[in-house]
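Keep the viewer open as you read.

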Amino acid sequence: MQLQQLKYFVAVAETRHFTQAAEQAGVTQPSLSKQIHVLETELGAPLFTRSRGNIMLTPAGEALLPRARRILADVETARLEVQELIGVRRGRLRLGATPSLCTSLVAPVLRRYQEGYPGVRLMLEEGGSQDLVGKLARGGLDLALIVLPEHGTDPALRAEPILRESLVVASSTTLPAPTEAGTLRLSELDGQPLVMFRPGYDLRDATLEACRRAGFTPTFAIEGGEMDAVLGFVEAGLGVALVPSLVLSGRTRLRSTPLAPPGVQRTIALAHRRDVTPTHAARALREVLLAYVHEESAWSRLPTGVEPI
């Protein structure tokens with residue numbers, strides 16, 4: 001089994017088309033098909049079924065695909081590590097982050113990182129924590145900023161807590177505040193229209209669980225949005241939303257109302273695979289991230305309810 005064969009296999013699996021896969025790999029279609037056939041012969045099982053022009057993975061192909069992706073990712077990581085050892089000042093960093101962190105923490109951290117490491121090519125993957133954890137475990141990411149679940153993370157990953165933040169109630173400044181008091185009891189949201197995130201979104205699960213613990217089922221004004229859409233709907237006065245306090249920084253059309261104790265908190269962590277030593281580029285990002293968070297905290301520039309760990 002050769003790396004080139006695995007690359008061809010993954011290309012066909014992703015495009016579901018031999019000609020397109022060959023173009024993507026930079027080889028002729030007959031050469032790619034021959035190498036796939038050699039791989040199938042070596043493995044003793046067909047990897048694809050070809051029916052009426054449709055290319056489908058066989059059970060053997062389904063089993064091989066995640067392993068092939070991981071092998072290729074590990075080889076690329078090893079190549080970058082060797083380059084660092086011989087003093088090459090360039091590389092690649094694949095970072096995953098949740099949408100709420102992309103709209104708040106990630107941008108200034110990456111700006112500072114790029115100033116110090118201009119030769120590193122940055123690649124950002126935005127998604128929910130569960131999706132990022134899966135991609136990290138498969139070797140598709142080097143690092144990921146995720147929300148730590150209560151039950152713990154995948155044992156194949158190492159997650160370092162970075163900061164703890166409280167969720168607040170966001171409402172439009174063009175409408176009356178959701179409460180006249182300084183804080184809002186979660187039960188006071190019962191009956192109020194909520195702008196809700198799409199299914200699978202971390203904040204949707206956190207909101208529904210918090211409401212359940214408070215003894216009620218929330219009323220949705222509109223649901224299905226990403227972070228920017230949800231904040232836009234709240235600004236328009238369609239309802240209120242439970243969001244991290246970080247994302248409201250600089251949004252003058254939104255009001256932040258803290259929740260009364262015990263409130264709802266979440267922990268943000270920086271995760272990577274346990275069996276892969278982070279590259280120099282990844283370690284440098286960790287240092288920049290920690291320095292930024294502690295510096296913002298020391299100058300009291302973090303929103304209320306946000307604190308480094």
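Proline 262 sits in the loop between strand 10 (254–258) and strand 11 (265–273). Helices (H or I, at least four residues) and strands (E, at least two) here are DSSP runs, numbered from the N terminus. The bond joining proline 261 and proline 262 is a cis peptide bond, with omega at about 10°. As background, most peptide bonds are trans, and most residues other than glycine have a negative phi.

A word on ground rules: this is a predicted model, with local features needing pLDDT of at least 70 and side-chain atom pairs counted only at pLDDT 80 or more, while totals for chains, interfaces and linings use all residues. Residues are numbered from 1 along each chain as its sequence is written, and side-chain values use heavy atoms, with hydrogens and water left out.

Zoom out for a moment. The protein chain has ten helices and twelve strands, and its C-alpha trace spans about 70 × 50 × 30 Å along the principal axes. Of its 309 residues, 45% are buried, where buried means under 20% relative accessible area, exposed over 50%, and partly exposed in between (1.4 Å probe, protein chains only). Take the contacts (heavy atoms within 4.5 Å) with a separation of 6 or more: residues 24 or more positions apart account for 74% of them.

UniProt, in an unreviewed entry, places the feature "domain: HTH lysR-type" at residues 1–58; UniProt positions are given in the numbering used here, feature names are shortened, and annotations may be inferred rather than shown by experiment. That span is 62% helix and 14% strand, and its end C-alpha atoms lie 18 Å apart.

How do the helices here pack? Two packed helices are described by the angle between their axes and the distance between the axes. The axes of helix 1 (residues 3–15) and helix 3 (residues 29–43) come within 9 Å and cross at roughly 105°. Axes are lines fitted to C-alpha atoms, for helices over the stretch in contact, and angles run from 0 to 180 degrees between N-to-C directions. Helix 1 and helix 3 are therefore roughly perpendicular; the cut-offs are under 35 degrees for roughly parallel, over 145 for roughly antiparallel, 65 to 115 for roughly perpendicular, and oblique for the rest. Helix 1 brings Gln5, Leu6, Tyr8, Phe9 and Val12 to the contact, and helix 3 answers with Leu32, Gln35, Ile36, Val38, Leu39 and Glu42. By class, that makes eight nonpolar, two polar and one charged. For the classes, Ala, Val, Leu, Ile, Met, Phe, Trp, Tyr, Cys and Pro count as nonpolar, Asp, Glu, Lys and Arg as charged, and the others, Gly among them, as polar.

Helix 2 (residues 18–25) also meets helix 3, with axes that come within 8 Å and cross at roughly 100°. That makes helix 2 roughly perpendicular to helix 3 as well. Here Phe18, Thr19, Ala21 and Ala22 of helix 2 meet Gln29, Leu32, Ser33 and Ile36 of helix 3. This contact has five nonpolar, three polar and no charged residues. In the loop between helix 1 and helix 2 you'll find arginine 16. Its phi is positive, near 55°, in a residue other than glycine, and at 32% relative accessibility arginine 16 counts as partly exposed.

Next stop, helix 8 (residues 202–214). Its 13 residues reach 19 Å from first C-alpha to last, close to the 18 Å expected at 1.5 Å a residue; the expected span is 1.5 Å times one less than the number of residues. Buried in helix 8 are Asp202, Leu203, Arg204, Thr207, Ala210 and Cys211. Threonine 207 has a relative accessibility of 3%, and beyond its neighbours within four places in sequence it is in contact with Leu194, Met196 and Leu242. Glycine 215 follows helix 8, with a positive phi near 95°.

Serine 300, in the loop between helix 10 and strand 12, takes a positive phi near 55° and counts as exposed at 63% relative accessibility. Glutamate 307 then lies in strand 12 (residues 306–308). Glutamate 307 is partly exposed at 42%, and leaving aside its neighbours within four places in sequence, it is in contact with Leu163 and Arg164.
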